[in-house]
Amino acid sequence: LTLAPMDTYAVTPKFLLGISPRVQNLMHVPCFGLLALIALRTFMAENPRHRRLVFVGVGIATVLFSGALEAAQAFVPGRYASLTDIVFNLMGIAGGLALWRYFPALAKSQ
């Protein structure tokens, strides 16, 4: 949804157009936290012996992905790149990494 056009002429679902900008900004936190957790879960399964490297790599990759998405929004109708959004993205990523680090149950395979 981060690259969905947000102008009134777009074919974007109407409920997205009605969400206040404050709520939209706050939605970045759980979305990017979940992205970090899913990435950690995925790549730790692939490389369980390199836990620290995977942890740092996922952190860096999700931060770079966040920046790339914000930059791409500058080219989407009705969207714009925002430093505030990047800050909320970083808060979500940091939260996801912290949850992984401090709640070991998240890291265990089912």
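By class, the lining of the second largest pocket has 5 nonpolar residues, 3 charged residues and no polar ones, where a pocket is an open set of points on a 1 Å grid at which a 1.4 Å probe fits, with protein on both sides within 12 Å along at least five of seven lines, and lining residues have an atom within 4 Å of a point. This is a predicted model, in which local features need pLDDT of at least 70 and side-chain atom pairs count only at pLDDT 80 or more, while linings use all residues. Residues are numbered from 1 along each chain, and side-chain values use heavy atoms, without hydrogens or water.

The lining itself consists of M44, R51, R52, F55, W100, R101, P104 and A107, and the volume is about 220 Å³, taken as the space filled by probe spheres set on the points. Helix 3 gives the largest share, 3 residues; helices here are DSSP runs of H or I, at least four residues, numbered from the N terminus.

Finally, H28 is found in helix 2 and is buried, at 9% relative accessible area. Leaving aside residues up to four places away in sequence, H28 touches E70, D85, F88 and N89, contact meaning heavy atoms within 4.5 Å.

Conventions. Helices (H or I, at least four residues) and strands (E, at least two) are DSSP runs, numbered from the N terminus. Buried means under 20% relative accessible area, exposed over 50%, partly exposed in between (1.4 Å probe, protein chains only). Ala, Val, Leu, Ile, Met, Phe, Trp, Tyr, Cys and Pro count as nonpolar, Asp, Glu, Lys and Arg as charged, and the others, Gly among them, as polar.
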